[in-house]
Structures are given as structure tokens and as C-alpha cells.
Amino acid sequence: MSRVKRQEVEEKANELGLFVSPWNPGDGLTRYRFYPVKVNPYSMDPLGVALGAKQAMIWLDGYEAGRKLKEA
């Protein structure tokens, strides 16, 4: 399996209408916080948080699946 890149996470979030706020505290693992609109990341709670790009893509896949179920 190929390595997931930050740009892929941001593109998928954008396709789903989400704003993603990546944060790298310096320990080698980027955190991705997802919001329904572009905001200051500290002004509201995120919809979800993922540790690393791979988990971020999994979270986005789940968000997309849940949205499709809600629309059906």
C-alpha cells in the first residue's frame, strides 16, 4: 500500500466540503482536525480528529459513507 500524503487528505476533505487543519507537534505524527467550515481551529470543536494521513483518509471514507446513508 502506498503512503498517503497530506495533499491527498486535503483534496478529499475539500471534495466533501470539509476544512482540514493539519497540526504537527514535532513528534513525527501529523494530526488532522476536520471542520464543516474554514475556521480558526481553536474557535470550535472539530467534527473529528485523526492521527496520521492514513487514519485521516479512513475517517474521511467513513464520513463520506455516513453522508451517503443519510442522503439515501
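Here are some exercises on the predicted model above, each with a worked solution.

**Exercise 1. Find out which residues of helix α1 are buried, and which side of the helix they sit on.**

Step 1: Go to residues 6-15, the stretch that makes up α1. Buried means under 20% relative accessible area. The residues of α1 that are buried are Val9, Lys12 and Ala13.

Step 2: Look along the helix axis. These residues span an arc of only 100 degrees around the axis, so they lie on the same side of α1.

Step 3: Now check the face turned away from that buried side. There you'll find the exposed residues Gln7, Asn14 and Glu15.

Step 4: Ask what does the covering. Among the elements over the buried residues of α1 are β1 (19-23), β2 (31-35) and α2 (53-71).

Step 5: Step past the end of the helix. Gly17 follows α1, and its phi is positive, near 80 degrees.

**Exercise 2. Work out the order of the strands in the sheet and how they pair.**

Step 1: Strands of a sheet pair through backbone hydrogen bonds, and the pairing can be parallel or antiparallel.

Step 2: Trace the strands. There are three, they form an open sheet in the order β1-β2-β3, and the pairing is antiparallel.

Step 3: Pick out the edges. β1 and β3 (48-51) are the edge strands, since each pairs on one side only.

Step 4: Check the turn between neighbours. On average, neighbouring strands of this sheet are turned by 20 degrees against each other, direction ignored.

Step 5: Take the β1 and β2 pairing. These two strands are joined in the antiparallel sense over five bridges. Phe19 has Tyr35 of β2 as its bridge partner, and Pro22 has Tyr32 of β2.

Step 6: Take the other pairing. β2 and β3 run antiparallel and are joined by four bridges. Here Phe34 has Gly48 of β3 as its bridge partner.

**Exercise 3. Decide whether strand β2 is enclosed or open, and say where its side chains point.**

Step 1: Count the buried residues. Five of the five residues of β2 are buried, so the strand is largely enclosed by the rest of the structure.

Step 2: Sort the side chains by direction. Arg31, Arg33 and Tyr35 point one way from β2, while Tyr32 and Phe34 point the other way.

Step 3: α2 lies across β2 and β3, and runs at about 25 degrees to β2.

**Exercise 4. Describe the largest nonpolar core and name what supplies it.**

Step 1: Start with a general idea. In soluble globular proteins, nonpolar side chains tend to be buried together.

Step 2: Find the core. The largest nonpolar core has 13 residues, and those with the most contacts inside it are Val9, Ala13, Val20, Tyr32, Phe34, Ala56 and Leu60.

Step 3: See who contributes. α1, β2 and α2 each supply at least two residues of this core, and α2 gives the most, with four residues.

Step 4: Zoom in on one member. If you leave aside its neighbours within four places in sequence, Ala13 is in contact with Leu18, Val20, Phe34 and Leu60.

**Exercise 5. Classify the ring pairs Phe19 with Tyr35 and Trp59 with Tyr63.**

Step 1: Know what to look for. A pair of aromatic rings is described by the distance of the centres and the angle of the planes. Planes under 30 degrees apart count as stacked, over 60 as edge-to-face, and the rest as tilted.

Step 2: The whole structure has three aromatic pairs.

Step 3: Take Phe19 and Tyr35. Their ring centres are 6.4 Å apart and their planes are at 40 degrees, so this pair is tilted. The pair links distant parts of the chain, with Phe19 in strand β1 and Tyr35 in strand β2, 16 residues apart. Phe19 is partly exposed, at 22% relative accessible area, whereas Tyr35 is buried, at 0%.

Step 4: Take Trp59 and Tyr63. This pair is stacked, with 5.5 Å centre to centre and 15 degrees between the planes. Both residues lie in helix α2, four residues apart, which is about one turn of the helix. Trp59 is partly exposed at 22%, and Tyr63 is partly exposed at 26%.

Step 5: Phe34, Trp59 and Tyr63 are linked into a cluster by ring pairs.

Note on methods. Residues numbered from 1 in each chain as written. Predicted model: local features only at pLDDT ≥ 70, side-chain atom pairs only at ≥ 80, totals over all residues. Heavy atoms only, no water. Buried < 20%, exposed > 50% of the residue type's maximum accessible area, 1.4 Å probe, protein only. Arc of directions from axis to C-beta. Contact = heavy atoms within 4.5 Å. Pairing = 2+ DSSP bridges. Axes fitted to C-alpha atoms, helices over the stretch in contact; angles between N-to-C directions. Core = buried A, V, L, I, M, F, W, Y, C linked by side-chain atoms within 4.5 Å. Phe/Tyr/Trp six-rings, centres within 6.5 Å; stacked < 30°, edge-to-face > 60°.
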